[in-house]
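Please read them with the model open.

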Amino acid sequence: MHCPYCRKVDTRVLDSRVADDGGSIRRRRVCNDCAKRFTTVEQMQMTVTKRSGASEPFNRDKAINGVRKACKGRPVTEDQLACLGQTVEDALRLSGQAEYDANEVGLAILAPLRALDEVAYLRFASVYRAFGSVDDFENEIAMLRLERATDASATDAHPAPTG
């Protein structure tokens, strides 16, 4: 590890702690040359195996860009997209795996996108799941309606407390 102050490579670790989420390690270091202290954070690198078989590091921005296209013209802000990207990355990290198929990343995107915007969800799902006909859209819309009705009846059965 290079010292960020003097660029020497002779540093030593004073303290290591696992982060609360278990996905990273914080290390407090000191440079043996200039004696300055600094902190580093190590995170597990996640890789994505594409359909072609090639592997590449997981890139949250790449995932967000795919979703951004589905959200074009929809009332979705950049902050909401950033939160969705963080949610997807957190879900993947919490699974504890180091390598994912591109398909698994897409599945991790679908649920938070559906909660964010149903039209954007349908757009993304139509490409991701390769809808081939109007029937595929109709089936997905029917499922969304059924879930919405189920959620509404559950809310009606358990009204919020007043008081």
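Which residues in α1 meet which residues in α4? The points below start there. Keep in mind that the model is predicted.

1. **α1 against α4.** On the α1 side, the residues are G66, V67 and A70. They meet A120, R123 and F124 in α4. By class, this contact has 4 nonpolar, 1 polar and 1 charged residues.

2. **Geometry of that pair.** α1 covers residues 60-70 and α4 covers residues 118-128. Their axes come within 8 Å and cross at roughly 115 degrees. That angle makes α1 roughly perpendicular to α4. α1 passes α4 in a right-handed crossing.

3. **α1 against α2.** The axes of α1 and α2 come within 9 Å, and the crossing angle is roughly 125 degrees. The two helices are therefore oblique to each other. Their crossing is right-handed. From α1, the contact draws on R60, I64, V67 and R68. From α2, it draws on E78, L81, A82, L84, G85, Q86 and E89. The class count is 5 nonpolar, 2 polar and 4 charged residues. Note V67: this residue takes part in the contact with α2, and it also meets α4.

4. **α2 against α3.** Helix α2 spans residues 78-94, and α3 spans 102-116. Their axes come within 9 Å and cross at roughly 135 degrees. α2 and α3 are therefore oblique to each other. This crossing is right-handed. In α2, the residues involved are Q80, L84, T87, V88 and L92. They meet E104, V105, A108, I109, P112, L113 and L116 in α3. The contact divides into 9 nonpolar, 2 polar and 1 charged residues.

5. **The largest pocket.** Its volume is about 630 Å³. The lining holds 21 residues. By class, they divide into 11 nonpolar, 4 polar and 6 charged. Which elements each supply at least two residues of this lining? They are β5 (55-57), α1, α3 and α4.

6. **The pocket centre.** K62, G66, A102, I109 and F124 lie nearest the centre of the largest pocket. G66 and F124 belong to the contact of α1 with α4.

How values were computed. Residues numbered from 1 in each chain as written. Predicted model: local features only at pLDDT ≥ 70, side-chain atom pairs only at ≥ 80, totals over all residues. Heavy atoms only, no water. Axes fitted to C-alpha atoms, helices over the stretch in contact; angles between N-to-C directions. Helix = DSSP H or I, 4+ residues; strand = E, 2+ residues; numbered from the N terminus. Parallel < 35°, antiparallel > 145°, perpendicular 65-115°, else oblique. Left-handed = near helix turned anticlockwise from the far one by under 90°. Contact = heavy atoms within 4.5 Å. Nonpolar A, V, L, I, M, F, W, Y, C, P; charged D, E, K, R; others polar. 1 Å grid on protein atoms, 1.4 Å probe; cavity = no way out; pocket = protein on both sides within 12 Å on 5 of 7 lines; lining within 4 Å. Points joined across faces, edges and corners; volume = space filled by probe spheres on them.
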